Amino acid sequence: MFTSTAGPSTSRGLAFLAVAGLTWGTTGAAVDLLYRSSDTGPFTVSFWRFAIGLTLLTGVSLLRRGGVPPAPPAGAAGRRRVVSLRLGTGLGLAVFQTAYFGAVAATGVAVATVITLGAAPVIAALGGRLLLRERLGGTGVCAVAGAVLGLVVLVAADPIGAVRPAGVALSLLSAAGYATTTLLTRWASDLAGGDSVRVTVWSFAVGTLLLAPAALWEGLFPVTDRLPEVVGLLVYLGAVPTALAYPLFFAGAAVVRAATSSVVMLIEPVSAAILAVTVLGERLTGATVAGTVLLLAAVSALAVAETRRAPAPT
């Protein structure tokens with residue numbers, strides 16, 4: 001049975017999660033441009049995103065610690081927790097990211113997004129209840145329901161083709177990977193929150209190794225006549241929604257309940273919609289605006305409830 005450790009500032013954790021969600025909202029547009037500019041596939045994009053993020057964060061970690069790694073937790077139990085956190089988060093992030101990219105290709109962005117981000121809070125809530133002994137409470141249940149409803153409205157606002165079983169399966173797999181990462185981070189909150197950069201470095205190292213064989217099979221180096229654009233997009237993916245966002249996510253998830261973390265991260269599709277309107281020139285329908293309002297209201301309600309539930313600082 002997992003046991004969780006209380007973290008420092010819940011309000012700061014919520015802010016970290018919000019920033020991570022906003023930057024992750026730019027990922028879809030960047031990946032779409034990559035697909036248009038080259039022959040890259042989901043495994044290749046995921047591999048380079050992890051590898052570039054790993055390189056950047058390794059440099060940051062070495063500079064912060066003067067090249068000397070910190071001492072590992074004492075005892076066999078502490079070392080097992082470290083290994084479990086590193087391997088589990090690396091695997092979970094690799095599954096979450098790559099399965100989502102595959103779901104987008106199989107059944108479209110709208111269906112993949114609503115299933116992945118709608119199912120993740122439910123899986124995290126069940127896992128948090130069973131493994132971390134967390135309770136949702138009335139506000140949490142209503143907020144999760146409201147967030148899922150908002151995502152459903154967002155999808156319904158845009159006519160799409162038939163929902164393909166393969167895409168649904170990949171979306172659920174992606175949601176499970178994300179929820180697993182959230183639960184592991186919360187379980188080992190003293191490790192994840194204490195040095196989120198180091199946790200992210202190890203997670204990316206595991207993810208990079210896991211993705212390397214599939215990326216080699218798919219084609220590691222993109223074939224394109226727009227190489228500067230492709231390289232720039234890959235560097236952006238590795239730097240902003242990866243090297244910047246993931247340490248913030250780990251630090252925030254370490255001090256915020258698992259279900260709350262999953263719901264707050266639903267800010268991602270909202271930021272993606274705003275980007276589509278302001279940068280790509282897309283138009284929002286009334287139903288899309290309604291779904292966005294529902295989603296933001298649910299996130300706000302859950303954030304307020306989480307802040308009130310947090311213990312007073314000592």
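User: Why does Thr185 count as buried?

Analyst: Thr185 has a relative accessibility of 0%, and buried means under 20% relative accessible area, exposed over 50% and partly exposed in between, with a 1.4 Å probe and protein chains only. Thr185 therefore counts as buried. This is a predicted model, in which local features need pLDDT of at least 70, side-chain atom pairs count only at pLDDT 80 or more, and totals for chains, interfaces and linings use all residues. Residues are numbered from 1 along each chain as its sequence is written, and side-chain values use heavy atoms, with hydrogens and water left out.

User: What makes α7 and α10 oblique to each other?

Analyst: Their axes are 8 Å apart and the packing angle is about 55 degrees. Axes are lines fitted to C-alpha atoms, for helices over the stretch in contact, and angles run from 0 to 180 degrees between N-to-C directions. Angles under 35 degrees count as roughly parallel, over 145 as roughly antiparallel, 65 to 115 as roughly perpendicular, and the rest as oblique. The pair α7 and α10 is therefore oblique. In this packing, Tyr178, Thr181, Thr182, Thr185 and Arg186 of α7 meet Phe249, Phe250 and Ala253 of α10, where contact means heavy atoms within 4.5 Å.

User: Why are α2 and α10 described as roughly antiparallel?

Analyst: The axes of α2 (residues 27-37) and α10 come within 10 Å and cross at roughly 160 degrees. That angle falls in the class over 145, so α2 and α10 are roughly antiparallel to each other. Residues of α2 including Leu33 and Leu34 meet residues of α10, among them Leu233 and Leu237.

User: What makes up the largest nonpolar core?

Analyst: A nonpolar core is a set of buried Ala, Val, Leu, Ile, Met, Phe, Trp, Tyr and Cys residues joined through side-chain atoms within 4.5 Å. The largest one has 38 residues, and those with the most contacts inside it are Trp24, Tyr178, Phe204, Tyr246, Phe249 and Met265. Helix α10 gives the most to this core, with 7 residues. Tyr246 touches Trp24, Phe204 and others, including Arg49 and Gln97, not counting residues up to four places away in sequence.

How values were computed: Helices (H or I, at least four residues) and strands (E, at least two) are DSSP runs, numbered from the N terminus.
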